[in-house]
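Dear colleague,

I am handing over the structure below, together with notes on what was found in it. Please read the notes with the coordinates open beside you.

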Amino acid sequence: MTWNVDDWIPPAEKYIFNFSSKEELKKWHLYSDAEFGGLSSASLEIKDDANKSSGVFSGNLSRDVTEGTKWNITRSGFCGMRSKKFDGFIDLEAYDTIALRIKGDGRCYISTIYTENWVNSPGQMEDNSWQSFVFVPKDNWYIAKIPLDHYLPTWRGNVIEAKLEMNPSRILGMSLSVNADGGVPGANSGPGDFKLEIDWIKALRTQ
């Protein structure tokens, strides 16, 4: 019996999500500040264009808050799309980069990776989140590549000031979100409409 070394090397890229059909959208759910008394709104649809399908994450960001809301929220103006938890874990140990083929509106979006809870105490059931900004140029398809070591550990949107490392072998899910405020210099911001088209999300092995 002979062994081929190529059989032991993972492929250079691995599809995680492919926005090619309405069935694929069932893997995601939407969230926004509207759950806490805000007035932002979002939708996720499939767009068919010249025999090519893509997902469209769009909506409106509002800083306003519903009058008399029971929630004591300190900020509003955010929307997101989060994948449902994988059946088990996605193992990306062999990869070093997340790539997204996207077409945007000049805003800055946030890419989040959720991993098994090992940073927080065992009594805390929330997944650990790791986030990175994604600036999306306007009106043209663009492949954004984010090295995994560029994702920062966060707790409810705030960076954790501690030296932590992501465990890429225990990934539970992902999300994309957008805020009315913040982001990278030069990106569009503020309340108003947003629109992000998504073709696919992959893991890459670049080294």
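In strand β8, Gln-131 is the bridge partner of Thr-112. Before going further, please note that this is a predicted model, in which local features need pLDDT of at least 70 and side-chain atom pairs count only at pLDDT 80 or more, whereas totals for chains, interfaces and linings use all residues. Residues are numbered from 1 along each chain as its sequence is written, and side-chain values use heavy atoms, with hydrogens and water left out.

Strand β7 (residues 108–115) and β8 (residues 128–135) run antiparallel and are joined by 8 bridges; two strands are taken to pair if DSSP finds at least two bridges between them. Strands here are DSSP runs of E with at least two residues, helices are runs of H or I with at least four residues, and both are numbered from the N terminus. Strand β7 is also joined to β12 by 7 bridges, again in an antiparallel arrangement, and within β12 the bridge partner of Thr-115 is Ile-171.

All 8 of the 8 residues of β7 are buried, so the strand is largely enclosed by the rest of the structure. Buried means under 20% relative accessible area, exposed means over 50%, and partly exposed lies in between, with a 1.4 Å probe and protein chains only. Cys-108, Ile-110, Thr-112 and Tyr-114 point one way from β7, while Tyr-109, Ser-111, Ile-113 and Thr-115 point the other way, and all are buried. In a regular strand the side chains alternate between the two faces of the sheet.

**The sheet and the overall fold**

An open sheet of 7 strands has the order β2-β5-β12-β7-β8-β10-β11, with antiparallel pairing. Strands β2 (28–32) and β11 (158–159) stand at the edges, each with a single partner strand, so one side of each is left without a neighbour in the sheet. Between β2 and β5, which run antiparallel, there are 5 bridges, and Leu-30 stands opposite Met-81 in β5.

The protein contains 1 helix and 13 strands, and along the sequence they follow the pattern β-α-β-β-β-β-β-β-β-β-β-β-β-β. Of its 207 residues, 43% count as buried. Among contacts (heavy atoms within 4.5 Å) with a separation of 6 or more, residues 24 or more positions apart account for 76%. The accessible surface comes to about 11900 Å², of which 50% belongs to carbon and sulfur atoms; these areas come from the Shrake-Rupley method with a 1.4 Å probe, and for residues only the protein chains shown count as cover.

**Salt bridges**

A search of the whole structure finds 9 salt bridges, each being a side-chain nitrogen of Lys or Arg within 4 Å of a carboxyl oxygen of Asp or Glu. One of them joins the side chains of Lys-26 and Glu-23 (3.2 Å, N to O), and Lys-26, at 51% relative accessibility, counts as exposed.

Asp-199 forms a salt bridge with Lys-52, the closest N and O atoms being 3.1 Å apart. This pair links distant parts of the chain, since Asp-199 lies in strand β13 and Lys-52 in strand β4 (residues 52–61), 147 residues apart. Asp-199 is buried, with a relative accessible area of 2%, whereas Lys-52 is partly exposed, with a relative accessible area of 42%.

The side chains of Arg-63 and Asp-181 also meet in a salt bridge (2.7 Å, N to O). Arg-63 counts as partly exposed at 42% relative accessibility, and Asp-181 counts as partly exposed at 42%. Salt bridges that share partners join Lys-47, Lys-103 and Glu-197 into one network.

The loop that holds Asp-181 runs between β12 (171–179) and β13 (192–204). The C-alpha atoms of Asp-181 and Pro-191, 10 residues apart along the chain, are separated by 8.0 Å.

**Cysteines**

How many disulfides does a search of the whole structure find? The search finds 0 disulfides, a disulfide being a pair of cysteine sulfur atoms within 2.5 Å. Cys-79 is buried, with a relative accessible area of 0%, and Cys-108 is buried, with a relative accessible area of 8%.

With best regards
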